[in-house]
Amino acid sequence: MYIIGIAGGTGSGKTTVVKKILETIPMDRVALIPQDSYYNDTTHLTAEERQRINFDHPDAFDWKLLTEQVQALRSGKSIEQPTYSYLISNRLAETIHVEPCEVIIIEGIMALWKKQLRDLMDLKIYVDADPDERLIRVIQRDIVERGRTTQMVIDRYRDVLKPMHEEFIEPTKRYADLIIPQGGNNKQAIEIMRTYIIHRIKP
């Protein structure tokens, strides 16, 4: 089994990089573990209390469950991956059954933050992008997919995303084996990474 961690700021192009990897690996040989699925269960909170949670802080994630499930996959056991809704800011009742595969990809803004999780990874990748480019992508995504206004997104970026990125996400770059600048637009770096991964798994 080959476990890959892919981190980077919100809007950096992580999703594009993951898609490029998945294009070259048969679906029955790779499992994707999105870190966003492992936000803490906030069922006990009111909708108003959930809106006040800082989802860009390490404390927002259920690190214990995420690490345990990655360890289970590594041991050859299947898992029931949680699912998360941005609309209600909470987990859903449904889970996703995930079988152990040759390649496991853990993708999220803080995928490289927790040492216990990093130690399970064979390859650690940090996807980088200019702050203004990330902001543009965040505005486009949050308006279309999450029903937020432009002003809401800009206020959140200034008050939460930017300071949390500088404090918790950017420093994890030091743990990366490979840094991909220009996000998902760096075709050469992505191609090198894809070739490397393909050579690491069984033919």
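1. Among contacts between residues at least 6 apart in the sequence of this predicted model, 74% join residues that are at least 24 apart.

2. On secondary structure, the chain holds seven helices and seven strands. Read from the N terminus, the order of elements is β-α-β-α-α-β-β-β-α-β-α-α-β-α. The radius of gyration is 17 Å, close to the 17 Å from the globule rule for 203 residues, so the chain is as compact as a globular protein of that length. Along the principal axes, the C-alpha atoms fill a box of roughly 50 × 35 × 30 Å.

3. Now to burial and surface. Of the 203 residues in the chain, 48% are buried. The chain exposes about 10,600 Å², and carbon and sulfur atoms supply 52% of that area.

4. As for charge, the chain carries 28 positive and 30 negative side chains. The centres of these two sets lie 3 Å apart.

5. The aromatic residues deserve a look on your screen. Six aromatic pairs turn up in a search of the whole structure. One of them is the stacked pair of Tyr-39 and Phe-61, with 4.6 Å centre to centre and 20 degrees between the planes. This pair links distant parts of the chain, 22 residues apart: Tyr-39 sits in the loop between β2 (30-34) and α2 (47-51), while Phe-61 sits in the loop between α2 and α3 (63-74). Tyr-39 and Phe-61 are both buried.

6. Which residues do ring pairs link into a cluster? The members are Tyr-39, Phe-55, Phe-61, Trp-63, Tyr-84 and Trp-113.

Notes:
Residues numbered from 1 in each chain as written. Predicted model: local features only at pLDDT ≥ 70, side-chain atom pairs only at ≥ 80, totals over all residues. Heavy atoms only, no water. Helix = DSSP H or I, 4+ residues; strand = E, 2+ residues; numbered from the N terminus. Rg over C-alpha atoms; globule rule 2.2 N^0.38 Å. Buried < 20%, exposed > 50% of the residue type's maximum accessible area, 1.4 Å probe, protein only. Contact = heavy atoms within 4.5 Å. Areas by Shrake-Rupley, 256 points an atom, 1.4 Å probe, with all protein chains shown as cover. Lys, Arg positive; Asp, Glu negative; His and termini not counted. Charge placed at Lys NZ, Arg CZ, Asp CG, Glu CD. Phe/Tyr/Trp six-rings, centres within 6.5 Å; stacked < 30°, edge-to-face > 60°.
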